[in-house]
Amino acid sequence: MSWKPAVLRNTFHHSRYADPRRLLELKRRSGLSISLAFPTLNEGETIGKEILVLKAELMERFPLVDEIAVIDSGSTDETRTIAGRFGARVFSSRDILKAYGSYRGKGENLWKSLFVLKGDISNIGPKFVYGLVGPLLERGEIGYVKAFYERPLRSVSGITPSGEGRVTEILVRPLFSLFYPELSGLIQPLSGEYAGRRRLVERLPFSVGYGVEIGHLIDIFHQHGIDSIAQVDLDRRVHRNQPVAALSRMAFGILNTFLNRLERYGEAHVLRRLAAEHIALAARGGGFMVQATAVPANERPPMIDIPEYAARFPPESLTAYVPAT
Amino acid sequence: MRGKLVVRFAGIASAVRRFLARRRSSRVRRRTGHHVEQYINRLISDAIQFNEIPSPTPREEQRAAFITRRLSELGVSNVNEDKEGNILVQLPAAGPTQESVLLFATVENEDYSPLESLVRLSSERASGKGMTGNSLGVAALLVLAEYMQSGAAAFECNVGLLFTCLKGAGVTGSALERYLDRRTDDLRAAFYLTGTPLGAVARDPVGTCRLAITVRTRDRELFASGGASSAVSVLSSIAHQLGGIRWDAADNTFLNVARLEAGAGYGNFAAEGVMELEIFARDTGRLETSRDAVLATTRSIARQTGASIHIETTGLIPAGDAELRRPLVEALRGVHGRLGIRSRPASRPDPTALLNARGIPALSIALTTGRKTFREEYIDLPPLESGFQQLLLLLEAVA
């Protein structure tokens with residue numbers, strides 16, 4: 001097959017952006033400001049290191065990043081104390097746009113981060129930041145940059161190699177191949193590390209749960225075209241191994257968002273009402289027990305439709321965005 | 001609710017400790033005139049990033065790349081690398097002089113673990129295998145280069161920063177010794193930087209010899225009768241009998257079993273194993289005699305069990321020269337007094353003894369407090385500012 005997904009033309013290695021002085025110059029010329037957002041829930045074990053290293057490297061040594069913020073979903077460990085101790089601005093998700101209520105989920109925190117952050121672009125780990133920010137600083141037509149990396153798993157026996165993400169390969173890649181072959185050029189479409197321009201991201205609705213990444217990709221593809229998306233090779237990131245049961249719930253949420261987008265863009269029509277609960281079976285005492293889990297499909301509207309946001313970020317200053325982990 | 005209250009109280013206690021640490025450090029700043037607080041996060045950040053780079057590797061290329069990239073980013077131009085893996089930076093004195101002071105740190109980490117060397121940071125600690133060792137020393141050299149590069153400090157002597165390796169020290173010749181063989185400058189003093197323990201002053205460090213004993217026995221089925229002893233039995237027997245050796249002066253010699261590893265895991269007969277030993281002695285002559293006794297005992301046990309045995313001396317660091325170290329010890333104690341750091345004598349082996357053996361006054365200094373046990377390893381963050389100030393004041397005193 002000679003056809004290649006166009007996004008492969010916008011595929012870079014982070015080392016292309018490893019010279020901090022060059023990025024600083026690009027940033028100065030573009031006039032952009034850059035914010036990093038960490039959506040958190042009980043990340044006390046890891047958040048301190050990420051913030052300290054990023055702040056030391058990319059705010060103090062080389063002032064590429066203008067602010068680091070933590071949007072917390074109600075951690076019961078020391079996440080907020082530690083994040084504040086190492087210099088992040090810490091927000092409680094509940095306290096942002098109170099009038100609009102609150103949901104649990106990463107997508108919810110990312111959506112709210114748009115309201116509290118000042119800057120344009122974002123993400124984690126020095127090379128994660130400069131790698132993702134680099135294409136946005138370098139090329140004006142790119143509006144959204146996604147990470148991909150080798151994904152060794154962290155387990156009791158140490159670090160073990162793994163293939164690509166299981167949900168990506170078994171669910172998302174077949175769906176993209178069927179409906180959006182252009183997006184099948186994304187190596188890790190579900191990676192949670194990405195950076196985007198505010199003017200692009202503020203126009204996206206946000207699924208509050210698992211579907212936030214896939215929803216973004218389809219919306220950006222429809223609204224801005226495939227050339228606005230780039231991806232960057234960040235080499236390696238160690239993950240915790242998730243059990244299949246958790247991945248199954250994740251796949252449920254992703255599929256729900258995917259079908260919603262097909263409907264929205266008139267590309268397919270679902271004839272029956274979709275169930276709201278993920279059903280799993282657990283073997284118990286010679287029989288099976290049904291485990292039903294509600295996987296919320298709530299969605300936040302584009303931030304630009306929120307009046308308080310429009311008042312806070314008048315159109316002429318709209319050029320930014322941020323997410324993370 | 002209880003969980004939340006506990007977290008809240010922990011947060012308050014931590015805030016109080018940080019407030020006290022800030023007050024202490026502002027007092028220190030007034031006393032020393034060095035405003036290094038903005039450099040401390042960079043010090044921690046570099047130590048964390050360095051600690052997570054795999055080691056040991058051939059010539060420690062990845063770790064060396066981190067160092068040279070950082071030096072290049074800082075605009076430090078006078079960087080020399082040699083074929084042994086040494087990286088040397090020369091920071092010139094305020095005026096013309098031939099004299100220099102050498103600060104060095106080692107880049108390898110024999111304890112590196114892909115999982116356990118990943119660092120975790122709480123409000124007051126950085127935890128991870130390797131953090132009490134050389135990662136902080138390397139980071140301190142880099143941040144010192146940055147501090148001096150900014151024009152915040154200059155000394156009467158040239159300051160050399162050496163990133164080196166100690167593997168094979170005293171035996172096959174380490175990268176550090178190769179550098180010392182070739183150097184042409186006039187060294188006034190040298191300091192080895194390491195992580196912990198802050199305040200330790202090695203006035204009269206003992207010498208140490210490291211041995212690796214590899215044992216092979218005949219392989220066999222688990223339930224076969226009349227077969228060979230396992231490598232575990234042989235190594236345990238060696239350890240037991242070495243423990244029973246009566247040294248001529250018990251207070252002056254000590255034998256430590258540093259590591260014992262044998263077998264291929266569950267379900268397998270342990271036919272191979274390795275034991276690493278350290279012998280400590282107060283003087284170099286006694287160290288060599290003790291090593292000969294250990295070698296003879298080990299070979300004798302191996303003969304009795306029929307096991308095949310290979311003994312390798314992997315490192316030999318002589319005892320330090322107390323007389324040569326005295327002026328540096330006094331200077332370090334004076335600095336500790338100014339900074340309110342509690343000085344205490346330490347006699348553990350010190351790589352600077354390799355320099356003493358060449359007539360160079362040299363001493364180790366540590367940058368913070370911390371703890372290293374079988375299960376955990378961490379450094380404390382609040383003392384780091386005093387630890388780094390200590391380095392600057394010591395340079396003022398001797399350079």
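Reply: The crossing of α6(A) and α9(A) is right-handed. A crossing carries that name if the near helix is turned clockwise from the far one by less than a right angle, and is left-handed if the turn is anticlockwise. The model is a predicted one, in which local features need pLDDT of at least 70 and side-chain atom pairs count only at pLDDT 80 or more, while totals for chains, interfaces and linings use all residues. Residues are numbered from 1 along each chain as its sequence is written, and chains are lettered from A and ligands numbered from 1 in the order in which they are written. Helices (H or I, at least four residues) and strands (E, at least two) are DSSP runs, numbered from the N terminus.

Two packed helices are described by the angle between their axes and the distance between the axes. Here the axes are lines fitted to C-alpha atoms, over the stretch in contact in the case of helices, and angles run from 0 to 180 degrees between N-to-C directions. Helix α6 (residues 166-179) and helix α9 (residues 244-264) of chain A pack at an angle of about 15 degrees, and their axes are 10 Å apart. α6(A) is therefore roughly parallel to α9(A). Angles under 35 degrees count as roughly parallel, those over 145 as roughly antiparallel, those from 65 to 115 as roughly perpendicular, and the rest as oblique.

Which residues of the two helices meet? From α6(A) come A:R166, A:V167, A:L171, A:V172, A:L175 and A:F179. Their partners in α9(A) are A:L247, A:M250, A:A251, A:I254, A:L255, A:F258 and A:L262. Two residues are in contact if their C-beta atoms, placed from the backbone, lie within 7 Å.

Of the 325 residues of chain A, 46% count as buried. A residue is buried if 20 or more other C-beta atoms lie within 10 Å of its own, exposed if 12 or fewer do, and partly exposed in between, with C-beta atoms placed from the backbone. Among contacts in chain A between residues at least 6 apart in sequence, 77% join residues at least 24 apart. A:L97 lies in the loop between β4 (89-92) and α4 (106-116) of chain A, and is partly exposed because 19 other C-beta atoms lie within 10 Å.

The buried residues of α8(B) are B:R325, B:L328, B:L332, B:V335, B:H336 and B:L339. An α-helix has 3.6 residues a turn, so residues three or four places apart point the same way. After α8(B) comes B:G340, with a positive phi near 75 degrees.

The loop between α2 (37-51) and α3 (61-73) of chain B holds B:P56, which is joined to B:S55 by a cis peptide bond with omega about -10 degrees. B:R59 also belongs to the loop between α2 and α3; its phi is positive, about 55 degrees, although B:R59 is not a glycine. B:E60, found in that loop too, counts as buried because it has 25 C-beta neighbours inside 10 Å. Leaving aside neighbours within four places in sequence, B:E60 is in contact with B:S55, B:G85, B:V107, B:E108 and B:C165.
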